[in-house]
Amino acid sequence: MAAPSSPTGPTPMRPLSPHLQVWRWHVTMLASILNRATGIGLYLGALGLVVWLALLAAGPEAYAPVEAALKAWYGQVALFLLAVAAAYHFAAGVRHLVWDSGRGFEPKTADATAWFAILFALLAPIGLWAVAG
Amino acid sequence: MTAAKPAKHGTGHFIAERVTSIALLLLLPWFLFSVAISVNGDFDSAFRWVAHPVNAGGLLLFLVISIYHMRLGVQVVIEDYISAASSRGLLLAVNTLICLAAALAGAWAIYQISFGG
């Protein structure tokens, strides 16, 4: 299909996508954004893990404030959010590896796996907390 | 403002991202479940968990592979959003330095906990 020429010049009219008038919310779009957001969150989490290890290596006195922070409500919330991010990034990673094999691109399948990844991210950390007791 | 040129490392980046993903599919659940079961936030349980040779080895692998994976991932984020060659190059270097420092500090801490007496 030949692209129609613009009435004002020689530049061919190119498709404008995503276009504001035909834009529609997709769960796959949210899934993609969340994969990047959780990846950046886990970057900070990995740096936190290194700080945790360094203070653990430094001894009980250095570790005391870490212990207090981890047991406080904000520490538990931070750990839970990191677990949610890890579970989401894990599920999204599986989606990407399946896509690499050329499968899972049908819109219905992609929507279903996106919802599954989001659900998994919320449920897996609850299971983890149940194991931790 | 000049756009950054391709670095011609695309294929290696793609493969490394996949290989580290597959390794992390095993290492991440192991790390989360093992820590959830054995560590409850206090110094003793945490120290004993890291000092166990199997955990120390697994943790070192998990940490180094995670950090390599996140360096690759954040590199793509920088390349997607920062088009000016100078600030892009600077941010890529900062990303690499942070990851290198984190990997060395983490490995050093695991070594100290395992062999520091």
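This is a predicted model: local features need pLDDT of at least 70, side-chain atom pairs count only at pLDDT 80 or more; totals for chains, interfaces and linings use all residues.
## Where the chains meet

Let's start with the contact itself. Chain B puts 42 residues into it, and chain A puts in 26. Together the two chains bury about 2800 Å² between them, and 81% of that comes from carbon and sulfur atoms. On the chain B side, the residues that lose the most area to chain A are B:Leu25, B:Phe43 and B:Met70, which together make up 20% of what that side buries.

## Salt bridges and polar contacts

Two salt bridges turn up across the interface of chain B and chain A. A:Asp100 and B:Arg18 form a salt bridge through their side chains, with 2.7 Å from N to O.

Which elements of chain B give two or more residues to the side that touches chain A? They are α1 (10–38), α2 (43–51), α3 (53–81) and α4 (85–115). The most comes from α1(B), with 13 residues. Sorted by class, this side of chain B has 32 nonpolar residues, seven polar ones and three charged ones.

## Two helices inside chain A

Now for chain A on its own. Its helices α2 (residues 60–71) and α3 (residues 73–100) pack at an angle of about 75°, and their axes are 4 Å apart. Angles of 65 to 115 degrees count as roughly perpendicular, so that is how α2(A) and α3(A) sit to each other.

From α2(A), the residues A:Ala69, A:Leu70 and A:Lys71 meet A:Trp73, A:Tyr74, A:Gly75, A:Gln76 and A:Leu79 of α3(A). In this contact, five residues are nonpolar, two are polar and one is charged.

Technical notes. Residues are numbered from 1 along each chain as its sequence is written. Chains are lettered from A and ligands numbered from 1 in the order in which they are written. Side-chain values use heavy atoms; hydrogens and water are left out. Contact means heavy atoms within 4.5 Å. Buried area is the accessible area (1.4 Å probe) that two parts lose on being put together, summed over both. A salt bridge is a side-chain nitrogen of Lys or Arg within 4 Å of a carboxyl oxygen of Asp or Glu. Ala, Val, Leu, Ile, Met, Phe, Trp, Tyr, Cys and Pro count as nonpolar, Asp, Glu, Lys and Arg as charged, and the others, Gly among them, as polar. Axes are lines fitted to C-alpha atoms, for helices over the stretch in contact, and angles run from 0 to 180 degrees between N-to-C directions. Angles under 35 degrees count as roughly parallel, over 145 as roughly antiparallel, 65 to 115 as roughly perpendicular and the rest as oblique.
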